[in-house]
Amino acid sequence: MTQCELILNALSDGGTITNMEAVENLGIARLASRVHDLRRRGYNIGSTWETGHNRRGDPCRYRRYYLVKESK
């Protein structure tokens with residue numbers, strides 16, 4: 001299974017993913033690049049900024065990605 005397929009599976013049914021989750025759970029180190037690839041293929045992937053702390057306890061910001069559902 002490709003990295004893009006792994007990400008799409010993680011985002012299906014309302015799932016979300018962050019870079020750290022992608023590294024830990026999927027072994028994908030460059031999530032933003034794969035999201036860019038998926039967007040170029042026509043997938044509507046949104047993101048929001050979140051704040052937290054890095055491993056040293058310093059404040060940091062990161063993106064949480066999700067698949068945007070088409071509204072009809």
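Visitor: How many helices and strands does the secondary structure of the protein come to?

Guide: Helices (H or I, at least four residues) and strands (E, at least two) are read as DSSP runs, numbered from the N terminus. The protein comes to three helices and three strands, which follow the pattern α-β-α-α-β-β along the sequence. This is a predicted model, in which local features need pLDDT of at least 70 and side-chain atom pairs count only at pLDDT 80 or more, while totals for chains, interfaces and linings use all residues. Residues are numbered from 1 along each chain as its sequence is written, and side-chain values use heavy atoms, with hydrogens and water left out.

Visitor: How should I read the pairing of strands, and what order do they take in the sheet?

Guide: Two strands pair if DSSP finds at least two bridges between them. Here the three strands form an open sheet in the order β1-β3-β2, with antiparallel pairing. β1 and β2 are the edge strands, each pairing on one side only. Neighbouring strands of this sheet are turned by 30° against each other on average, direction ignored; such axes are lines fitted to C-alpha atoms, for helices over the stretch in contact, and angles run from 0 to 180 degrees between N-to-C directions.

Visitor: Over how many bridges do β2 and β3 pair?

Guide: β2 and β3 pair over nine bridges in the antiparallel sense, and H53 has P59 in β3 as its bridge partner. The two strands form a hairpin with five residues between them, and G57 in the turn has a positive phi of about 90°. β1 and β3, for their part, pair over three antiparallel bridges, with Y66 in β3 as the bridge partner of T16.

Visitor: Which residues of helix α1 are buried?

Guide: Buried means under 20% relative accessible area, exposed over 50%, and partly exposed in between, using a 1.4 Å probe and protein chains only. In α1, which spans residues 3-11, the buried residues are C4, I7, L8 and L11. Seen down the helix axis, they fall within an arc of 100°, so they line one face of α1; the arc is that of the directions from the helix axis to the C-beta atoms.

Visitor: Against what do the buried residues of α1 pack?

Guide: With contact taken as heavy atoms within 4.5 Å, the buried residues of α1 pack against β1 (16-18), α2 (19-26), α3 (31-40), β2 (45-53) and β3 (59-67). Another helix, α2, lies across β1 and β3 and runs at about 95° to β1.

Visitor: Is T18 buried or exposed?

Guide: T18, found in strand β1, is buried, with a relative accessible area of 4%. Not counting residues up to four places away in sequence, T18 touches L31, Y62, R63 and R64. For the protein as a whole, buried residues make up 25% of the 72 residues.

Visitor: What sits over the ring of W49?

Guide: A charge sits over a ring if NZ of Lys or CZ of Arg is within 6 Å of the ring centre and within 35 degrees of the ring normal. The charged end of R61 sits over the ring of W49, 4.1 Å from its centre. W49 lies in strand β2 and is partly exposed, with a relative accessible area of 47%. Leaving aside neighbours within four places in sequence, W49 is in contact with R61, Y62 and R63.
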